[in-house]
Each structure stands twice: as C-alpha cells, then as structure tokens.
Amino acid sequence: MRMTSKMISRFRLGTLCMLAAGLAVAGCGGKGDDVPPTPSNLKLVASDGDSFPGNFEVGNIESANMADDGTIAIIASESSDSSLNAVFVRSPEGELRTVMRADNPLAEGLSFANVRNLAMARTGEFAFEVGNRFENDGLFFWDGSELSVLARTAPGETPDGFKILGALRITAGGEVAFTDGQSPCTIDSTEPGDPEVECDVRIWVADDGVVSRVEVPNTLTNQRPTAVLLESNPVGEVVVGLSARGNEPMVGIIRGGEFEGLLQRRAR
C-alpha cells in the first residue's frame, strides 16, 4: 500500500499546481474598506457585487478555475438568493458568457442550490456537477462553445442506472473521466452526518461527446462511489487507483478508452 500511495501522490502534483491559479481567482472576492490592496502581480477579474450577464448580481464567487490561455470558469451565487447558483466563462479578453443557469432546459428538475466539482482542462474545456447528489444529480461539459450532458439521474438516466457521481477528472483536450454508483444503491443513515452510500461502481470516459464505459478486471460491487481514484497526468492520460482483491490491479492507466493495469495487489 505504501508504494501505491507514493505513485498516486506523484500524479497529483501537477493537478495541485494547476489548481493554484484557480484558487487565487476564487480568493479575490469581496468589496469594501476591509479588502486589502491587490498585489501588483495579481489582476482582479470578478468580485462580490459584480453584474454578470442576464442581470445576475454576484453574491459570492463560489469556485473558479483557469486554463493556460487565461480562460476562466466561474461558479457564482446570486446576491438576492444565495441558494441560486450559475456557471459563467470569462474569455482571455475579459468577455463574460453564461454557461448554465436554472432556466437552462438541460437542467430541468435539478436543484441549483448546489453547483460544484468544477474541473477545467488546461486547454479550456471544463465539467461541473449540478444537483443534490443521490436522486438529483447531473454532470455537464463545456467544450468552449457548447454545453452538453454527460450524465444525470432520472428522468432520462444517462448512462442507464446513473445514481451518484464519484471521482471526476478532465485532461488537456477535453477528455472527461468519471465514476458513478449504479442503481440500485444502499443508504445507511444510522450514524450522524452524511449517509453512507454503497453501489456498484463504474468508470466512464467521455470524448467528443461520446460516453463509453471503461471495463476493469476488479470487482467493484458494494463500494462507495469515491472508492475509485482518478488523476490526469501531463500527457493527457488518466491514472486510476482501484480497490483490489486477490491479484486484481491496484493502479492502472486509461489510454484510448482502454484500461491497462500497472501495479497488481500481490505482484512479486
């Protein structure tokens, strides 16, 4: 297990570096006398109280991420209703565009009180999640010009049996890898806090709008949806960490939609 931990941590370093830019943007919110001066090497691009397209007055910048060319994806809450969130994109030239609001037909039946998991590729594509997870959840993808649905719960379950999102990663070029918990799932609410959910876990990749299942030799029944770890590496591949039994692979890689094991549980 120690070898697995080191290997997966190494793949996370590049992702953490990319997130640093997005976190810097997200931390720039707020107006008033108590806001410290902006350092000369930082540029304020959005803050609380700003007016976004569609008469959307920003109450708070909830999340943001940035591509290599300066394109920024933003999740913001509305000032008059903090439970109403929306997604916007800002071009390198400063033009703001609405990507997703509650009145978008693609989001019919989903709650905009929780818009989260903003994952952005260095090339500008991004994905995000809308809804209250278990029975009310949707995963959406922005390719730079158009929004599409990658997965959602009923009505119109896509893919069949989709219940709850687990891990999510996006590579340079816009390939999205994600896991889901396949219905039926079991829910344990006997302990305080969030209920424990167990499902049969599946792995998916979405490329050019086509969502395909990635087959692995592991037995992923009765698992938490977060039991599978996904990380993207600098060359556009997806690294997979798996719960393993017997001689099943613990670490693998997805290339061209196919899984290749790299480290076996009982390898000698």
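Which residue forms a salt bridge with Asp-68? In this predicted model, where local features need pLDDT of at least 70, side-chain atom pairs count only at pLDDT 80 or more, and totals for chains, interfaces and linings use all residues, the partner is Arg-122, with the closest N and O atoms 2.8 Å apart. Residues are numbered from 1 along each chain as its sequence is written, and side-chain values use heavy atoms, leaving out hydrogens and water.

A salt bridge here is a side-chain nitrogen of Lys or Arg within 4 Å of a carboxyl oxygen of Asp or Glu. Because Arg-122 lies in the loop between S6 and S7 and Asp-68 in the loop between strand S2 (56–66) and S3, the pair ties together parts that are 54 residues apart in sequence; strands are DSSP runs (E, at least two residues), numbered from the N terminus. Arg-122 is partly exposed at 41% relative accessible area, while Asp-68, at 55%, counts as exposed, where buried means under 20%, exposed over 50% and partly exposed in between, with a 1.4 Å probe and protein chains only.

A search of the whole structure finds nine salt bridges. Among them, Lys-163 pairs with Glu-135, the closest N and O atoms being 3.2 Å apart. Lys-163 lies in strand S10 (residues 162–170) and Glu-135 in the loop between S7 and S8, so this pair ties together parts that are 28 residues apart in sequence. Lys-163 is buried, with a relative accessible area of 9%, whereas Glu-135 counts as exposed at 51%.

Key:
Helix = DSSP H or I, 4+ residues; strand = E, 2+ residues; numbered from the N terminus.
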